[in-house]
Amino acid sequence: MVQCLQARLDASFGALSDATRRGVLEQLGQADASITVLAERFHMTLTGMKKHVGVLEQAGLVTTEKVGRVRTCKLGLRGLQEEAAWIDSYRQLWDARFDDLDKIVEELKREIKNR
Amino acid sequence: MNENQKSEPNLMKNPTTVERTSERELVVTRLFSGPAHLVFEAWTKPELLKRWWAPKSFGISFVSCEADVRTGGSYRFVFSQADSEQTMAFFGRYIEVTPHSRIVWTNDESSDGALSTVTFEEKGDKTLLALHELYPSKQALDDAIASGSTGTSGAGEQFDLLDTILDSLVRS
């Protein structure tokens, strides 16, 4: 899970390394927008903008939803951050439980040997 | 902050993994160095279960632990919390108990509780444990995540940094 969080962070920082993508995040911070609107705003082809949005989406920074023929983009970090934090603390709970369970299994193994 | 170190997997022990495998399911896995019947025993005997289900490091301890682990049986765990006067009760029914391989139970303390399935799969002299928690809906799992967010993530500092960068972008 830590590696998984790390991968998500790498993806997030990677996504932020591009000026257009940072621009898209700025734009979405003001209002949700369709891919078409974003492409026009940044003087790009639809395909080019789809790629950028795809990278941001992969990193969890943006979420998209298709309604009819229009794909609307919005900022998506908050949900991702909450989920990652929750899953990590959930993992820590099970990890702590399983560390203790490990000890009990060891104990039972020793008991069987000594029988 | 020591949180980072705390959640780094210790290379000497088997790692615990958690994955959200679908909109409404979480899967926890861990490998144990022992046969399945021992892991099963530690899961199904209340006096053993009691010793690992409430980890000290989480500030919770058992007030009572009743578990009739057989198909159709029920359980009720009551915990006290170090930082609260209130106790917490968790209860439900065992839908299926198949010795040494599978236990399925409900979590009835909330109507949005998950259906939990734990399987024990022997691999040589080790046992792979997989716990599936299936929530009734995507909303139920999202709500559990939203209400239970503790902010104690091991990657907290990096997320804080990311948050700051994004905030500055979004507000500029």
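The paragraphs below describe the sheet and then the helices of this predicted model.

In chain A, 3 strands form an open sheet, in which the order is β1-β3-β2 and the pairing is antiparallel. The edge strands of this sheet are β1, residues 33–34, and β2, residues 62–67, each of which pairs on one side only. Between β2(A) and β3(A), the latter covering residues 70–75, there are 6 bridges, and these two strands run antiparallel.

Helix α2, residues 19–30 of chain A, lies across β1, β2 and β3, and its direction makes an angle of about 90 degrees with β3(A). Helix α4, residues 46–58 of chain A, lies across β2 and β3, running at about 120 degrees to β2(A).

The two helices also pack against each other. Two packed helices are described by the angle between their axes and the distance between the axes. For α2(A) and α4(A), the angle is about 75 degrees and the axes are 10 Å apart. Since an angle of 65 to 115 degrees counts as roughly perpendicular, α2(A) and α4(A) are therefore roughly perpendicular to each other. On the α2(A) side of the contact are Thr20(A), Arg21(A) and Val24(A), which meet His52(A), Val53(A), Val55(A) and Leu56(A) of α4(A). By residue class, the contact of α2(A) with α4(A) comprises 4 nonpolar, 2 polar and 1 charged residues.

Conventions
Residues are numbered from 1 along each chain as its sequence is written. Chains are lettered from A and ligands numbered from 1 in the order in which they are written. This is a predicted model: local features need pLDDT of at least 70, side-chain atom pairs count only at pLDDT 80 or more; totals for chains, interfaces and linings use all residues. Two strands pair if DSSP finds at least two bridges between them. Helices (H or I, at least four residues) and strands (E, at least two) are DSSP runs, numbered from the N terminus. Two residues are in contact if their C-beta atoms, placed from the backbone, lie within 7 Å. Axes are lines fitted to C-alpha atoms, for helices over the stretch in contact, and angles run from 0 to 180 degrees between N-to-C directions. Angles under 35 degrees count as roughly parallel, over 145 as roughly antiparallel, 65 to 115 as roughly perpendicular and the rest as oblique. Ala, Val, Leu, Ile, Met, Phe, Trp, Tyr, Cys and Pro count as nonpolar, Asp, Glu, Lys and Arg as charged, and the others, Gly among them, as polar.
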